[in-house]
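The sequence and the structure are shown first, and selected residues and elements are then described in turn.

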Amino acid sequence: MQATGKYVAMDCEMVGIGRGGTESALARCSIVDYNKRVLYDDYVKPEQPVTDYRTRFSGILPRHLVNATPYEEARKEIKKILEGKIIIGHDMRRDFSTLGLNIHMFDTRDTSLCEPLLKKAKLTVGRRASLKNLAQILLSIQIQNSSDGHCSVEDAKAVMDLFRLVDKEWERGPHSWPEAPLPRRHQNQRFNRYLDFEDCNSYNDCCDSDDYGYD
């Protein structure tokens, strides 16, 4: 395992833009270090008008974005923090996409597919697990159950706690694991539909759906 200063955990919250609010835009980003100290936590003003605040899931209200940091300014600051770090997150594909960053250019650890975590939680290896479920099973904490929506700081800290449960084992073995294929009835659909669709009890409840191969 590398020096603990190399590790950070990130979580982002999104709002909807475009017709019907089905496209995602970054509205808050939180980054914590190995000891869960907050390195960055800021609201981000999207470059396009917000058409759905998704408050039930994102926790974002209109007032949060009135004086928020402009997107490009926030993006540059976040990128600077992430460069040279090992980034832990929970299915960060959408986070990196809304940041306009190529996830494959960064050294990442994805807790949603981590085999040691899934085995500890007695969940199916190869199927993404929701952060809410892993936190409840392995950390004995309840997250993402507030009527005010998700908190990216809370989620980033939970991700780091999960990583620390298996960090030495994880860093000795593979850094990523293959994902099980989608059920056949969904193999011809665009998988990233779920990334922009949050019409469910919570974003991670969407991830729990058998339709998308999540536990």
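## Serine 58 and helix 1

Serine 58 belongs to helix 1, which covers residues 55-58. The model described here is predicted. With a relative accessible area of 3%, serine 58 is buried, because that value falls under the 20% limit for a buried residue.

Serine 58 and glutamate 13 are separated by 45 residues in sequence, yet their C-alpha atoms are 5.3 Å apart in space. Glu13 is also one of the contacts of serine 58 once neighbours within four places in sequence are left aside; the others are Met14, Tyr53 and His150.

## The chain as a whole

The chain contains nine helices and seven strands. It has 215 residues, and 50% of them are buried.

## The largest nonpolar core

The largest nonpolar core has 25 residues, and the members touching the most others are Tyr7, Ile88, Leu117, Leu134, Met160, Leu162 and Phe163. At least two residues of this core come from each of strand 1 (7-17), strand 6 (86-89), helix 5 (115-120), helix 6 (131-139) and helix 7. Helix 7 gives the largest share, eight residues. A separate core of 20 residues lies apart from this one and includes Cys12, Leu26, Ile31 and Ile78.

Beyond its neighbours within four places in sequence, leucine 117 is in contact with Thr111, Leu134, Leu138, Leu162, Leu165, Val166 and Trp170.

Helix 7 runs over residues 152-172, and its 21 residues should span 30 Å at 1.5 Å a residue; the end C-alpha atoms are 28 Å apart, so the two values agree. Helix 7 also has a kink of about 70 degrees, centred on valine 166.

Valine 153 is part of helix 7. Its relative accessibility is 12%, and valine 153 therefore counts as buried. Along the chain, valine 153 and arginine 37 are 116 residues apart, while 9.8 Å separates their C-alpha atoms. Leaving aside neighbours within four places in sequence, valine 153 is in contact with Arg28, Ser30, Val38 and Asp41.

## Threonine 98 and helix 4

Threonine 98 lies in helix 4, residues 93-98. Threonine 98 has a relative accessible area of 10% and so is buried. Apart from neighbours within four places in sequence, its contacts are Met14, Ser24, Ala25, Leu26 and Tyr71.

## Cysteines

How many disulfides does the chain have? The count comes to zero. Cysteine 12 is in no disulfide, and the nearest cysteine sulfur, that of cysteine 29, is 3.7 Å away.

Note on methods: Residues numbered from 1 in each chain as written. Predicted model: local features only at pLDDT ≥ 70, side-chain atom pairs only at ≥ 80, totals over all residues. Heavy atoms only, no water. Helix = DSSP H or I, 4+ residues; strand = E, 2+ residues; numbered from the N terminus. Buried < 20%, exposed > 50% of the residue type's maximum accessible area, 1.4 Å probe, protein only. Disulfide = S-S within 2.5 Å. Expected span 1.5 Å × (residues − 1). Bend = angle between axes of the 7 residues up to and from the residue. Core = buried A, V, L, I, M, F, W, Y, C linked by side-chain atoms within 4.5 Å. Contact = heavy atoms within 4.5 Å.
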